[in-house]
Amino acid sequence: MKYFYASRMAMLEGLDVMTTPIAIVANFTQPGSVVLAASPPMKVRFKMKTGNRRFEIPKHPDIKLFEPKMSFFIEISMAITRLI
């Protein structure tokens, strides 16, 4: 469940959450939009974390930005909960 949103987006996109800098941003159209989730490389390499703003994210070709897919996140969360 660690890095849940970032790891689910990585899964959808065929990326490795442990090596790819990923940020889930609430709304791409608003520069002040909040970072909802960040992968470990995003946190370590770019010093971004949950709560940062979109305008604080550096422009770098390695960074992958995604908007949340809340219905998908809830669906996966419920499937994991049922398994547990």
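Phe-4 counts as buried, at 13% relative accessibility (buried is under 20% relative accessible area, exposed over 50%, partly exposed in between, with a 1.4 Å probe and protein chains only). The model is predicted, so local features need pLDDT of at least 70 and side-chain atom pairs pLDDT 80 or more, while totals for chains, interfaces and linings use all residues. Residues are numbered from 1 along each chain as its sequence is written, and side-chain values use heavy atoms, leaving out hydrogens and water.

**Aromatic pair**

- One aromatic pair is found in a search of the whole structure.
- The ring centres of Phe-4 and Tyr-5 are 6.0 Å apart and the planes stand at 55 degrees, so the pair is tilted (rings of Phe, Tyr and Trp, the last by its six-membered ring, pair with centres within 6.5 Å; planes under 30 degrees apart are stacked, over 60 edge-to-face, the rest tilted).
- Tyr-5 is partly exposed, at 26% relative accessibility.

**Salt bridge**

- The count is one salt bridge (a side-chain nitrogen of Lys or Arg within 4 Å of a carboxyl oxygen of Asp or Glu).
- Arg-45 and Asp-62 form a salt bridge through their side chains, at 2.6 Å from N to O.
- Because Arg-45 is in helix H2 (residues 40-46) and Asp-62 in the loop between H2 and strand E3 (64-66), the pair ties together parts 17 residues apart in sequence (helices, H or I of at least four residues, and strands, E of at least two, are DSSP runs numbered from the N terminus).
- Arg-45 is partly exposed at 45% relative accessibility, and Asp-62 is partly exposed at 32%.
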